[in-house]
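Colleague: I would like a close look at a single part of this model. Please keep to the geometry and the contacts.

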Amino acid sequence: MNNRAHNFAMDYVNSEEKQKMLYKRTLLMVSISQIFGGAGLAAGVTVGALLAQQMLGTDAFTGLPASLFTLGSAGAALIVGRLSQRFGRRIGLAAGFFTGGLGAIGVVIAAMTNSIILLFASLLIYGAGTATNLQARYAGTDLANNKQRAKAISIAMVSTTFGAVAGPNLIGPMGKFATSIGVPALAGPFILSATAFILAGLFLFVMLNPDPLIMAKMIESNKTKQVNVENSSPIESIKNKRGIAVGAATMVLTQIVMVAIMTMTPIHMEHHGHGLNEVGIVIAFHIGSMYLPSLITGILVDKVGRTAMSIASGATLLLAGLTAALAPSDSMILLVVALSLLGLGWNFGLISGTAQIVDSTDSSTRAKTQGTVDVLIALAGASGGALSGMIVANSSYATLSLAGGALSLILIPVVIWSRGGKKEREQGLHM
């Protein structure tokens, strides 16, 4: 960093007013990028399984697209996390979105050439956009205090709603556009993804400056020098490890359940006579429920607590699984309700779990730890996507939905364990 840049940064380090302004500006920039990112991720969610079914001619492997792009997002999460830790959020997030855009272009080419190998490879790369869109939520928390963190996460996620809900509803028009230029209709949404991801990357690269993570590191370093207090007591270390473990477990479990049921819903609907536009409506409600309630969820997580909202996540996912399993196959309304509950349960789990991770890390290791946790989330999604197709092929969509709902109940012992850790820390503080 040259002297001019250093002096510019120190203006923020030494001014709480400028820090508050930068916090608000960062949230705005991240929120705008999330609109593009949300539109980009919608294609893989909505038509990925249908495209694979069309190209492979079988239902048995229709869970593979979700598995592949979530597996790709695992590797990307690790790389984006490490890039962000070393060079800042601006570089890490921009690189991730650019890579996701290239993957979406590859999917379009694969559909045009009917190349299964290229399709699978491109879906892996496309996953980078999904991982980056998810990791962008952390950028808004870098300059937030502990009473603002869940709300900061939620503001970024609410913005994703605009693009994420618009994406599935553009399936029909994008399909017609794709056909008009000689591209298979199901590849049309991936044209939208490529454009959206690349625009998100360009926007962050240009506008996310000063970098929030770099500034957070400088602010914390300055405070440490002034106070000169070591915060490495055994009790604090236990708290951090347990908080990371609980936050990660909450997000991993909700991701498995959500991806498994979501992935097979379009296939289930197609088998029972629902058209592509109807599929788009159901998925639009689902994705809207994943992101739109975020602002209220963030306030609840900050006010009611991380633990209570983790329990709410498990209960909501259980209800979603039961509704999806019991819904008549021709009932659009009940499928909308089930997928909306599925999105809401995921929303509760993601925001409460993310807040736990942020609470339990500092700027010197935060991005790296967040990237590692998001790897676990992506692998969980990949497992859910891969297994969902096999379960439905060998049993039924109802069985998959019931199994997903039952799995969400594991959140209860996880929360009980976290509460036990809290009592241990309180006892340690009074010794």
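At what angle do the axes of helix H4 and helix H8 cross, and within what distance do they come?

Modeller: The model is a predicted one. Two packed helices are described by the angle between their axes and the distance between the axes. For helix H4 (residues 89–113) and helix H8 (residues 188–207), the axes cross at roughly 165° and come within 8 Å. An angle over 145 degrees counts as roughly antiparallel, so H4 is roughly antiparallel to H8. The crossing of the two helices is left-handed.

On the H4 side, the contact is made by Arg90, Ile91, Leu93, Ala94, Phe97, Phe98, Gly100, Gly101, Ala104, Ile105, Val107 and Val108. H8 contributes Phe190, Ile191, Ser193, Ala194, Phe197, Ile198, Ala200, Gly201, Leu202, Leu204 and Phe205. Sorted by class, the residues of this contact are 18 nonpolar, 4 polar and 1 charged.

H4 itself has 25 residues, and the distance from its first C-alpha to its last is 36 Å, close to the 36 Å expected at 1.5 Å a residue.

Phe97 of H4, one of the residues in the contact with H8, is also touched by glutamine 34. Glutamine 34 is placed in helix H2 (residues 16–56). Leaving aside residues up to four places away in sequence, glutamine 34 touches Asn133, Ala136, Ala156, Ser159 and Thr160 as well as Phe97. The relative accessible area of glutamine 34 is 1%, under the 20% limit, so the residue counts as buried.

Just after H4 comes asparagine 114, which takes a positive phi of about 55°; here the positive value occurs in a residue other than glycine. Asparagine 114 lies in the loop between H4 and helix H5 (116–139). Its relative accessibility is 51%, and because exposed means over 50%, asparagine 114 counts as exposed.

The loop between H8 and helix H9 (212–227) holds proline 210. Asparagine 209 and proline 210 are joined by a cis peptide bond, with omega at about 10°.

As for the setting, the protein chain has 17 helices and 0 strands. Of its 431 residues, 56% count as buried. Among the chain's contacts with a separation of 6 or more, 87% come from residues 24 or more positions apart.

Note on methods: Residues numbered from 1 in each chain as written. Predicted model: local features only at pLDDT ≥ 70, side-chain atom pairs only at ≥ 80, totals over all residues. Heavy atoms only, no water. Axes fitted to C-alpha atoms, helices over the stretch in contact; angles between N-to-C directions. Helix = DSSP H or I, 4+ residues; strand = E, 2+ residues; numbered from the N terminus. Parallel < 35°, antiparallel > 145°, perpendicular 65-115°, else oblique. Left-handed = near helix turned anticlockwise from the far one by under 90°. Contact = heavy atoms within 4.5 Å. Nonpolar A, V, L, I, M, F, W, Y, C, P; charged D, E, K, R; others polar. Expected span 1.5 Å × (residues − 1). Buried < 20%, exposed > 50% of the residue type's maximum accessible area, 1.4 Å probe, protein only.
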